[in-house]
Amino acid sequence: MRIADIRPELPPLLRLAAPLVAAELGWMSMSVVDTSMVGRLPHAAIPMAAAALAQVIFNTFAFGIGGVLLGLDTLISQAFGAREIHAANRWLLHGLVLALALGLLLVGIFAFGPVILNQMPVDHTVLAQAIPALYGLNWGIIPLLLYFTLRRYLQAAHHAKPIAFALVSADLINFIGDWLLIYGHSWHLFGHTINIPAYGVVGSAWATSFARLYLMAVLLVAIFLADRRHSYGLLAALRSRTSRRIELQHLRQLFLLGAPAGAQIFVEIAVFATVTALIATLGPLPLAGHEVALQCASTTFMVPYAISSATAVRVGHAIGRIRTGHASPQAPAAAGWSGILLGAAFMLFAAVIFLTLPAPIARLFTPDRGVIAAAVPLLLVAAGFQFFDGIQITVTGALRGAGNTMAPLLTHLTCYWIIGMPLGILLAFHFHLGAAGLWLGLLIALTGAAIVLLAVWRRTTTHLLTPPATANLQSRP
């Protein structure tokens, strides 16, 4: 691809990606606010460590199993690109049914959370706060997966602004909930005293679950407003017995396409969960420092992650338009390379920030000097993998838009678990580098994943230039 081929794709990609970036940053800021407010509690290392443990276990299962719904990116975006709106509506309905089923499965899994946590060699004062926090997060799992499904439809239809509004406004809901429930308050009104107890980390988890319920409600309203304004026929489809019929073969097709994407997310998040568990054995202070650095790295990651979602949609649209003769075979490649370049460019900027301002960044989360000192070395390592993290996630989105969800899974499985994790453990415990050694393993894994996935995408673009290849990428329920 030449720059001249990519340049026309940048404006529409940016128009779609910009509100998604705002949405993802809004999503991540919930966790950042939670960590910052918990970091103001007395003896901050212990509640911060508990929050880290509960969040990483919840995220590993919720986003790993819920990641199956990412198959909707391929199916709905290609349907919209080919102007098969009825097919897009049918995929949304099947996605909602699958989301409910996965949500019920996760509720059962998290019911056994204490069994998992109690097997870990972690400080009991940390566990005493982490276990009820995990229960609090569990109440938000079904709204979270339904939101996730509704979002796939909206962004595939290029309605990203409601997603951004939902997440930014949900931040306010989450902040108010944190303020009310973490610290506790007392008011005297009309001769009566109103007391709200201080729930600490558990209060933060309840605030997060309520914010996720709000997210689901806002996107549900947004979809029906979009349907009324653009005549997608969604309400009519729901009234039709034929259109709302759930067919097992379509659920199976969605599951088989999305399962590798979900497994890839599970593989990636499980590595960070394992790193968190290993650092937890080093004590509350290293775990609290790890939580600060992880929040920072996760925040910057949200930008290329949003670009990755937009890239998946643009590649899927391009393939759908090829089927109707409204796009050239070069269009999917241009969309994919545009997203990769944008993601890599932003993460270079993030790396410079981490390198130059690690201590001031850590100080935003807590005034505890011990936690700040533990976080700074990890932020410096994070600076080293920002660029590669931006590449690997945007390439993953481009491949998902083209219907390839297996290559990212195999790549992450190899780079994280076969190469990165063993090397990280060796550096951490044999060479006594502690938490920094485990983070160096992550750096090695992300570097390898970026290189391999770039090679896969280059081969995929060559395949996409063959007309029969794009003609076979049609999925109609």
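Analyst: Helix 13 is largely enclosed by the rest of the structure, because 35 of its 40 residues are buried; buried means under 20% relative accessible area, exposed over 50%, and partly exposed in between, with a 1.4 Å probe and protein chains only. The model is a predicted one, in which local features need pLDDT of at least 70 and side-chain atom pairs count only at pLDDT 80 or more, while totals for chains, interfaces and linings use all residues. Residues are numbered from 1 along each chain as its sequence is written, and side-chain values use heavy atoms, with hydrogens and water left out.

Helix 13 covers residues 284–323 and reaches 56 Å from its first C-alpha to its last, close to the expected 58 Å. That expectation is 1.5 Å times one less than the number of residues. Helices (H or I, at least four residues) are DSSP runs, numbered from the N terminus. The helix has a kink of about 30° at Met-302, shortly before the proline Pro-304; the bend at a residue is the angle between axes fitted to the seven residues ending there and the seven starting there. After helix 13 comes Gly-325, with a positive phi near 80°.

The largest nonpolar core holds 137 residues, and Leu-117, Tyr-147 and Trp-439 have the most contacts inside it. Helix 13 supplies the largest share of this core, 15 residues. Such a core is a set of buried Ala, Val, Leu, Ile, Met, Phe, Trp, Tyr and Cys residues joined through side-chain atoms within 4.5 Å. Apart from this core lies another, of 19 residues, including Val-315, Leu-399, Val-456 and Trp-457.

Helix 13 also contributes the largest share of the lining of the largest cavity, eight residues. On a 1 Å grid over the protein atoms alone, a cavity is a set of points where a 1.4 Å probe fits but cannot get out, and lining residues have an atom within 4 Å of a point. Grid points are joined across faces, edges and corners, and a volume is the space filled by probe spheres set on the points. The largest cavity contains about 930 Å³ of space. Its lining comprises 38 residues, of which Asn-59, Phe-63, Ile-269, Ser-298 and Met-302 are the closest to its centre. Among the other elements that give two or more residues to this lining are helix 3 (45–66), helix 12 (248–280) and helix 16 (369–401).

How values were computed
On a 1 Å grid over the protein atoms alone, a cavity is a set of points where a 1.4 Å probe fits but cannot get out, and a pocket is an open set with protein on both sides within 12 Å along at least five of seven lines; lining residues have an atom within 4 Å of a point.
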